[in-house]
Every structure is written in C-alpha cells, then in structure tokens.
Amino acid sequence: MITEWCLIAATVIFAVLTAGLLIGLKNIVSRIVLMQQSSQRLELDVRTLMVKLQGTTERADKTLALVSDQLKAVSGLFQAASLFGESVENASAAVNSMTAALSNKARQQAERIENKKLRGLDEALDWAEVGMTAWQLWQSVRDKIAKKPACSGEGDGYDNRGGSDS
C-alpha cells in the first residue's frame, strides 16, 4: 500500500506540477500576447510618428530652401546697397570735383574782373588827375585874366610887340 500511496502521491504531485506548469505557461503566453499587442501598438505609433516626422522634415526642407532663397535675396540686396553706396560715393566725388572746378573758375573770373576794374579804376583816376590838372590850369589862367585890367594886354598870350609870349 505504501507503493500505492506513493504512486498516488507521485501522480497527484505530477498532476499538480503539470497543472501548475500549464497555468504558468498560459500566463506566460497571455503575457507574450499582451507584449505582442503592445509591441504592435508601439509599432503603429512609431509608424504614425515616422509619417509625421517625414512631413515635418519635408516642411523643414521647404523652410530651409525658403530661408536660403531669402538669404540669397538679402545678399543681392546688400550687394545692391553696396553698389548704390559706391555710386553715391562716385557721384559725390564728381560733384566735389565739379564744385572745385567751378569754384576755381569763379575765383579766376572774379580776379580777372577785379583786375579789370582796378585797371579801369586806375585809368579813370589817371584821367581824373589829368582833368583836375587841366581844370586847375584853366582856373589859374581864368583867375589871372579876371585879375588883370581888360586893356592891359598883359598875360593874354600875346606880346605887346606883335609877337607871341612864348
């Protein structure tokens, strides 16, 4: 009987161990199924994120292209501004040269006019001096004539002997 009891006990133990093993395997399988479902959801989420990331990458590429185009345009604008600055500088230099030339020409003209006026003034003063001398001479002759008696014949430019005084 002991052998029967041992046999029954071994069978019960075997059955309990087999049931426990089957229950453990069933738990493991259900956990693996849960992990597989979770992994499938994770894969789906990753795919969705990859699609969104790809769209974002495409938009970033477009944005970078636009930024690059804008930088090229700004570079062109800076080049244009630089060329404009050079043009303004050249125009300013030309205006300065023209102003200097006009100033020199005006100065030369003013000096020429001034010299001409001074020469004319000198000439006028010379003529005024000649005129003054002539007037003084005429006055002195007139005064001499006015101081002499009318019939004396003295100082009238004629010699009493019939010739000229000179």
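How much of the protein chain do buried residues make up? I looked this up before anything else. Buried residues make up 2% of the 166 residues in the protein chain. I note that this is a predicted model.

**Entry: overall layout**

I counted the secondary structure next. The protein chain has one helix and zero strands. Helix 1 covers residues 2-147. I then looked up the surface. The chain exposes about 15000 Å². Carbon and sulfur atoms supply 66% of that area.

**Entry: salt bridges**

How many salt bridges does the structure hold? I found two. Side chains of opposite charge can pair when their charged atoms come close.

I took the pair Arg47 and Glu43 to start. Their side chains meet in a salt bridge, at 2.6 Å from N to O. Both residues lie in helix 1. They sit four residues apart, about one turn of the helix. I checked how open each one is. Arg47 has a relative accessible area of 52%, so it counts as exposed, because the cut-off for exposed is over 50%. Glu43 comes in at 39% relative accessibility and is therefore partly exposed.

Then I turned to Arg107 and Glu111. Their side chains also form a salt bridge, with 3.2 Å from N to O. Helix 1 holds both residues. Again the spacing is four residues, about one turn of the helix. Arg107 is partly exposed, with a relative accessible area of 42%. Glu111 is partly exposed as well, at 38% relative accessibility.

**Entry: charged patches**

Which residues form the positive surface patch? I listed Lys105, Arg112, Lys116 and Arg119. Lys105 is found in helix 1. Its relative accessibility is 54%, so Lys105 counts as exposed.

I also looked up negative charge on the surface. Asp122, Glu123, Asp126 and Glu129 gather in a patch there. I followed up on Asp126. Helix 1 contains Asp126. Is Asp126 exposed or partly exposed? I read a relative accessible area of 46%, so Asp126 is partly exposed.

**Entry: nonpolar patch**

Leu21, Leu22, Leu25, Ile28 and Ile32 make a nonpolar surface patch. I put its area at about 500 Å². Where does Ile32 lie? Ile32 belongs to helix 1. With a relative accessible area of 49%, Ile32 is partly exposed.

**Entry: recap**

The chain has one helix and zero strands. Two salt bridges are present.

Key
Residues are numbered from 1 along each chain as its sequence is written. This is a predicted model: local features need pLDDT of at least 70, side-chain atom pairs count only at pLDDT 80 or more; totals for chains, interfaces and linings use all residues. Side-chain values use heavy atoms; hydrogens and water are left out. Patches are made of residues with over 30% relative accessible area and no salt bridge: like charges are joined within 9 Å, nonpolar side chains (Val, Leu, Ile, Met, Phe, Trp, Tyr) within 5 Å. Accessible areas come from the Shrake-Rupley method with a 1.4 Å probe; for residues, only the protein chains shown count as cover. A salt bridge is a side-chain nitrogen of Lys or Arg within 4 Å of a carboxyl oxygen of Asp or Glu. Helices (H or I, at least four residues) and strands (E, at least two) are DSSP runs, numbered from the N terminus. Buried means under 20% relative accessible area, exposed over 50%, partly exposed in between (1.4 Å probe, protein chains only). Lys and Arg count as positive and Asp and Glu as negative; His and the chain ends are not counted. The place of a charge is taken as NZ of Lys, CZ of Arg, CG of Asp or CD of Glu.
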